[in-house]
Every structure is written in structure tokens, then in C-alpha cells.
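Work through the exercises below with the model open. Each task is followed by its solution.

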Amino acid sequence: MTRKLGLIYCIVFCLMLLTTPLLTSCTPQQTPTPSPAAPPTVVKPKNVGMGAFVDMTGPVRSMSYPGHVGYVTYWRWLNETKGGIDGVPINIIEIDTAYDIKKMRSGYDQYKSQFVTCEAQGQSPFFDSLLKNFSEDKMPVFAAIGGSDAFLYPPTGWVFGGANTSDYFACYADFALKNWKESRKPRVALLLGDYPGGRFPLFCPPYLESRGMEVVSTELLPYRGMTSAMDQLLRMTQAKPDFVFTTIIVPQLVIVLDELKGMGIKLGPKSEGKDFELIYSYGFDKDMMATMRPENWDNIVVFNGSYDFRYYGKKGYEFYTLMTDKYMEYFNVPKDRLAPSIAGFYAGAIMAEAVRLAAQKVGWDKLNSEAVGLYGYPNIKDFETGLCPKVTLSKEDPRTHMGIMFRLFKDGTSQSLGEFSDIPWVFKWLDQHGKPYHQ
Amino acid sequence: MAFFLQCIFSGLTAGAVYGLAALGFVLIYKTSGIFNLAQGALIMMGGYLYSSLAIHVGLPLWVSIIVCLLIMGVIGYSLEWFPLRPMLGQPHLSIIMVTLALSIFFSAVVTWIWGEFSVMPTPYFVPSGNLDIFGVVVTMNLLWSFVIAGAITIIFILFFQFSSIGLNMRATAEGHQIVRSMGISVSAIIAITWAIASIIGASGGILASQIRGVDPGLADYGLKAVGGAIIGGLDSIHGAIIGCLIVGVLETLAGGYIGHGIKEVFPYIILVIAIVIKPYGLYGLERIERI
Amino acid sequence: MSLPCGTFNTRYDQAFAIFRTKTHWVLLIAFIIFIFTVPLFLNPQFFSVINIMMIIMIAVVGLHILVGYCGQISFGHAAFMAIGAYSSALMMNHFGLSFWICMPLAGLITAAVGILFGLPSVRVKGLYLALVSIAAQFIIIYVIETPLQGVTGGQWALRTAVPKIGDFAFDTPPKFYYLIASITILMIFLAKNLARTKTGRNFVAVRDNDIAAEVMGINIVTTKVLAFAIASFYAGVAGSLWAHYQRAFTTSDFSMLQSIWFVGMVIVGGMGSTLGPILGTMFITLLDQFVLRFTPTMTKVLPTLTAAQISSFGMFLFAAVIILFLVWEPRGLAHRWQIFKASYRLWPFAY
């Protein structure tokens, strides 16, 4: 590599830099307010933008990526089969945030003029820091998983496709108390991952205690460079919990399960003579099962956040199979890899429906993010996603994701543990009781 | 007491993994004076390469480990040719920047090739299970890590002390000019150094993958390695190992007795105190400067 | 600096002048007019980039005073920015002080912490000092997140109000641009001026050989600690601006990676002259933006790539450009600029 060659590369690069303004001026401008004399015929735009913020390359990838591909698969299928939303193709804008707040910010700033609504999976710092920007830009966001102010004080048009992590814990409380037979209070330990979404349930204890549980231990596991959690697990087990609620991510889970096994802890209900039940928050897929040792994930309870297609019968199952095949086709995925999270598919459908409703109401030429927030999402009533039961949203309760189910992993398979249960909205509870979680 | 012993033991095994990461780091620093910020990325690549060879290419487990180490060795060797040979003699900070850019480059490579797997499956060769020694639980995972890391370190130290290439490397650590005047090619030695550091890093990655699975978080071990290496003294190979063991133990003790998220930061607090007491690390070469 | 043909220095004040010839003054005035009229014709969406770039420029100029002039390596600069940001935001939120008081106070608070973490520099040198700065980075962020959680909000975003002069609020990026531009120009000028004061000469002496400097009578303890204090002051000011510009920020804005990139900007720009950090910040920020904007066009050109491959392509480009640039010019952009200036002054002669 001679220095002359390096010089040539540098000059070429500088030329590329100088053409950046040209590149940016090619991007479509924000849809302007309409001129008074609008033509009578409906003019459809070239495409409508849908933003997708996901952690593709960062630490919480295992949590956010599976849902994300569901949205993208659905939108591409919609483009292919129906030409988009009412014939307007969807321009999918995927932004990799790598869980890095600068990338989130710059990605949002660059692309906000190009999409009318966006989704974000497991990006709590995103919701948290940009909450004011979202309010000012009147951008409706489909938020899934995580934990931040946004889940308590959502701006108009916001929809929650996935409960925040504190609400998960409230569901686990329901699950725990349902089968609790003894007279004493059940003891619960919180095993949290030390990242913003994972720390969110630190605010949950007042709710858990109001339900009659006793929080005996709270541990934060570092999510960078952790090799052993033995010290903290020892402290936790010394507190003798009956249930362990977790927000740890896969690498941490691998270590925790291995060390719990090493300590001789048996996972399962106290009634069966085991030590405690461990509940994992982010769902399982085949990839994850291949990552972990099979002998370690026996008897772990997994929160299966999406609707189970079997709940919706044969029709849901067919649609789910179709979506899975499309996913494999679009992403060149080999046949034996499991599909992404079901929640992504129906969430993509809800977002597309919101845009469609808004476009119907104000017309395609006036469609912008404010319109989607005012006329799109709040007007979704009895919407059939094709996958699961009908979805209805309202300003008071903008959550699409109301039911969860638990699955138990045992002997290499998973079995469902009972029916769907409703997700309480913990922060509404905390707010009503006069204690918002921060002053 | 059992709790304390348990913390020490877990800490030692955690430190062993960090030590492997630091070994390569200190080796590169000794022979070429480069602060290698790309070590974490090499560790990550080792883990991913190993998993991919075993599962996607379908090689048998031990063959895939050997092939992985060989490929990483070749990559390390070629790193010397570009970009490090043109940078010989340039300001140190510029070279640090180049290694930083290299770490980004390797992260990009890993994402490019294996990006679409949400979680990378990992083939396990360490058996599951644990030993109970005087009430202290040692999981097989951590035991194997300790043993293998120890073995690699010992093999490496023997190689470094007694083989002719090791002698050349130690000479290069003293001064490049001297080595050149003796007729030994400094570039070749540095290339071999990088190759060995990459191989050691890759083995660290493979071991770490047995503990926590393969994911981009493997790159974080690079930073732990830097901390441990500096405690032990950047100039000393065995210092790096001891420094990392200390980091591991301190971390675990802090997690065990204090908790509340202090685990990551506790070693650094101790570091600052230690540095003020012993500025060149425990075993580093002390430069005596008196006014 | 090398002077144009025919200009000679006959007095001390001429030798030390920053703006020496009439051309310099004309260019300076034209430049200032340009800077302040830019919002009139530039597309508003660029302002988010430019504002961030200028805020980071302040921090990097400060870091350069430490690394380039005084020769002490610091990988903890982002944490000092965090201190500035949090102290400024909290002072405004809790005590209701005006922005114009908060910002210098935040700078002073950060300088105080900088002195604290600069004290080990009298015992350790070189890369070991780098470790102390890495430790500072982690410790400061930890302290903000965990023990001070009740005050700072821990890992969740802290929200701030907009700075005002009377009733005029700087709430949109173009308006904020004026504020940031003025402060940036002021801080850069102060940094440039520092180089020709006695303190600046002390810094350079300590960098080149601190034992010789001590022998000549320069107190290296005071000098090194002062360098840390000044660099931290700059970081504090930048942090304060960041807090009020972003309106909501968390500790993840000031991570270890950001610290490393600050050092990277100083290196890429070139150490030893104030132009270095300016060019370095511009180069890396614009490279980042270019990569960000280039990736969607990649999708259209090569649709068979997966999303992960597209995002990694951006990283490839970024890393490759940095490596190529450093291989070509390890002494940074400023050095290349000097060579260019010298060559056009002397053209067509090679000497």
C-alpha cells in the first residue's frame, strides 16, 4: 500500500463527502401543507415511509431483532401482494441504533421527515431521550418492550405494542399468586440486567408489595463483559426467594442458568419441592435454544408475549405459516431456522392499518405524522390483523398487547401454562396512587 | 467464610478468562509498543468463527477449534503487513487510533457475515456439571476455563522464554534498532507477535463462548483486559495474568458484598488507588526518574 | 507560522500575532460574517449536525489542550462532559439559575473534578495515566447513575429547559446555532491564545520533556493539573451546551466509546495546533453523517443485501477511511494542511 494510493483514496473520499449535500437534497421533503386549490382527484404519493429503529448490531440484539424482522416481513409482503397500503408502496426505513444513543438521535433527526410513523423495539434510551422531540414533531411511535417515561406519559398517537418491563413483572405477580397455596407471603427476587430497560422494574416493588408479595432481593447483573454471576446469585439464593423475576438478556441467562445448576438449584414450583421458579422475559426461539445448553433450560418459565396463533385457530396458523415462509424467502434464511417473533407481524399490520385510516381521513396528499397520530391509531377498532383476535385502541389505553401467556420449557419442548392473562398497567397504578416513579 | 471462598474462586476463574484476553494485549505492547484496542474484536471474531465452523460448515468440534485458531493466526499475521508496517515509527497515538479503527472493522466483518442470526448458536465442548470443593461450587465451565487458560499461559511463557522466536521477541521488546542490527527482521517478529496474540485472543473467545454463548458482547472483554494488564504492569507477561486475576477477584468480591451495580466499576476504583501507590503496576518495568 | 513572501516580523507583538497580515484580518471578518449568516440560506435539517459538531468541537479543543499541548493522555473526556451537562441541568432545574450563570459554573465544577482526576498525573505518566482517565470515565458515570440516582435520575433521561435572553428563547436548531457558534468561536480563540501565553509555553515544555522543564524551574505539578483543569472546563462548557441543546440526555450520551472517539478526533486532526481538533471533529462527524446517508442508497443499489450487511457496510466504510487516512498522514489533517499551505505559498518552487 503506497502512500500515493492512500492519497488517491483520500481524495476520492473527500469528493464523496462533498456530494453529501446533493445526496441529502435528493431525499423527499416533508409532506407540505396543501395548497388551497386541491385537485379533485386523489393523487397518491410515490410511497409512504415507515421507520424501524432496531438494535441490529449491539448488545440487546437478541431482544429487539426478532420482533423487528416481523414488521419488515409483513410490510414487504404487503408491498408484494397488495402493492402497499391502498396501492401506495411502503418505503421501509430501517435504522440500526446499536443501542447507542447518538445513533438513535442522528438516525431520528435524519429520517424523521421521511416517515409518518415509526416503531422501536427495546430502545428505552430512545423513548426516554427523544420524548420531547416526539411530542414536538407529533410523531406517533409504536413502542415495544423497554422502560421509560414514555410508557407513563405517552404523547398523542403513541401505541404500545409491548408492555414495559415493569408491567411484565406485574403479570408475573399475577401468575405467581394464581397458584400460590401457602398462607405466608410469596417471596420474590428481582434479577435485573443493568441496562435502562432492564433496570426499569426497580420501580415495581410498591406494586408487588401491594399485591401481597415480599421483595427479598434485588440484583443488577452487568451486561458488559460478565463472566460469572456466582457472587450475586449466592446472595439471591441466600434470601430464599420463591420466585425470581428477570430482565436479563441471553448471554447473562446462559451464565446464570449454568451457575444455578452448579449450585444445585432446581427450578420449579415450591409445591413440587423445587427451589424457585425463574421467569425469563424475552421469549425463546430456536436460535436461543441452540445457544444454551438444553440441560440447563429445563423448567424455566418463559413469558410468551405475543398472541399464540393457536388462540386464533386454523386461520391464524395459516397466516403465521405464510408469514414465516415469506420471512425465509426475503431474508435468505435456511429452512430449519425458526421464524421471528409473531408480535412483529401483527404489529406491522396495526401500523399499516393506522396509516391507511389516516390517509382515508385526510387524504394521501395531506398525510403526515400528525395525521397518523390523530386519525390513525386512535381509530383502530376491532381490527383484524389476520393473526390474532381483534385489536381496539383508545386514547386512555393505547396498548395493543393485552394478553400474555406463559410457557414452560421441559424435556426439550415447551408447553403452555394456562390461558392468557391481562397485563396490568403498573404505572397507571402508581400514578393513581399519587406516586409517579420519579419526582 | 464459604461465601468469601466462593467469591474468590469464581473471581479467579473469571480472571482467567480476562487474563487470556490480556495476554495478547501485553504481548503486542511489549514487542511493538502498540496499545492494541482491537483485542476485544479479535476475541469476538474467534468466538464467532469457531461457532460458525462447527455449526454452519459442519466441521467436527476439535477440528473447528484448530481451524479457527489457524485462520485467526493468519489474520493477525496479515494485520502487520497492513496497516501496521506503514505505521512503524509514527506517533504512538496514531497507531492506537488505527487499532481502534481495526476493532470497528472487525465488528463490521462479524456483522456482515453473521449479522442475521439474532443469537449465534454455540457448540459446547465443556461438559455441564460442577465440582464441590469444601463447600465451594466450581462449575465445569469455569474450571475448564481456568485450566485451559492456565495451560495456554504456561505454554506461552515457556515458548517465550526458551524458544528462539521467543528470544527474538524479547529482544524486539528491548529495542527495534538493536534487533535490526543483529540481522533479525523486526517486521517478521511483529507479524508473528500479532499472529500469536490473535490466536490467544481467539482461544479466549472460544472459552468465553462456552461460558456465555457467542454474541457481540464478547468484544467487551477487550476493555477488561486493558484494565487488568495495566494493574499488573504493561511490560510484564505474568503481570498481566496476575493483574487480571486481581480484577476478577475484586469484581466478584464487590458484587458479593456490596452489589447494586458496583461490580463493573469496583476494579477501577481500586486501580486508581493502586496506581497512585505503585505507578508502574505490580510487575511493570519501573522507570526511575528523579529530579 | 510561515509568513507570506515579503512580510517580516520586526517587533514582538508582530511575531506573536494570530492575525498578522491584512489578508488574515479580511478573511477573519469574512469568515465571521459567513458563520453568522449561514442560517439564512442553509437547509434547517443540517443544523442538527452542525450544532452537535460545534459542541463536540469545544470538548475536543479542550482535550487537545491536554493531549496535544501538554502531552497527557486522557480517555475520560466524555465523563467530564457528563459532569458539565448534569451540573448545568440540575442547577437550572433545581435552583432556577439562568443559563448564562449555569454554563460557566458547570465549567468550573467540571474543572474542579478535573483537578481531582488530574492529581495522579504527578505520579504516573504515559499510558498508565490513560488508565486513570479510563477509571475516571467509569467511576464518574457510575457515581452519576447509582449513588446520585435520586438527584440525577439515574439511567433515565434528565430533561432541561431552553436557554433564554430575556424573552428570546433559543429553542429551534437555527436559533441555537447562533448561541453555539458564538461560544465555540470564543472558546477556540481562547485556546489559540493559550498557546502564546506563558501557561501555554509551560504546557509545551512539559510535553516535550518534563524533567527538563522541572530543571528550568517550571512546576510540573501545577502545570499538569492546570492542563487537566482547563481541559475539563472546556468539557464542562460543552456538556452544558449539550444538555440544554438536546433538552433530554442520559449517561449513555457520554460513554467510554465517546471518550475514545474524542481522542480519535484529536489524533486525526493532528496534535500541536488548534486547527487540529477543529479539522478532526469536522472530519469524523462528516464521515459519520456521510456513512449514515449513504447506507439507504446502498439498499437501492444492492437490494439483495440483508439489513445487517447494510449497517455493517457503514462501519466498514468508516473504519476503512480512518485507517487509510492515518496510514497516509499519521500526523493528522493539520499537518497535511500545513504542507498544503507551504506548497502553495512556494509554488512553483519546491523549496
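Two residues are in contact if their C-beta atoms, placed from the backbone, lie within 7 Å. The model is predicted: local features need pLDDT of at least 70, side-chain atom pairs count only at pLDDT 80 or more, and totals for chains, interfaces and linings use all residues. Residues are numbered from 1 along each chain as its sequence is written, while chains are lettered from A and ligands numbered from 1 in the order in which they are written.

**Exercise 1.** Describe the side of chain C that touches chain B.

Step 1. Count the residues. Chain C puts 34 residues into the contact, and chain B puts in 37.

Step 2. Find the elements. Helices (H or I, at least four residues) and strands (E, at least two) are DSSP runs, numbered from the N terminus. Helix 6 (126–145), helix 10 (210–216), helix 12 (256–269) and helix 14 (307–328) of chain C each supply at least two residues. Helix 14 of chain C gives the most, with 13 residues.

Step 3. Sort by class. Ala, Val, Leu, Ile, Met, Phe, Trp, Tyr, Cys and Pro count as nonpolar, Asp, Glu, Lys and Arg as charged, and the others, Gly among them, as polar. This side of chain C has 25 nonpolar, six polar and three charged residues.

**Exercise 2.** Work out the strand order of the open five-stranded sheet in chain A.

Step 1. Two strands pair if DSSP finds at least two bridges between them. Strand 3 (residues 117–121) and strand 4 (residues 141–144) of chain A run parallel, joined by four bridges. In this pair, A:Gln121 stands opposite A:Ala144.

Step 2. The order is 2-1-3-4-5, with parallel pairing. Strand 2 (90–96) and strand 5 (159–160) of chain A are the edges, each pairing on one side only.

**Exercise 3.** Characterise helix 1 of chain B.

Step 1. Residues 2–32 make up its 31 residues. Its C-alpha span is 44 Å, close to the 45 Å expected (1.5 Å times one less than its number of residues).

Step 2. Of these 31 residues, 26 are buried (20 or more other C-beta atoms within 10 Å of their own, placed from the backbone).

Step 3. Just after helix 1 of chain B, B:Gly33 takes a positive phi of about 70°.

Key
Buried ≥ 20, exposed ≤ 12 C-beta atoms within 10 Å, placed from the backbone.
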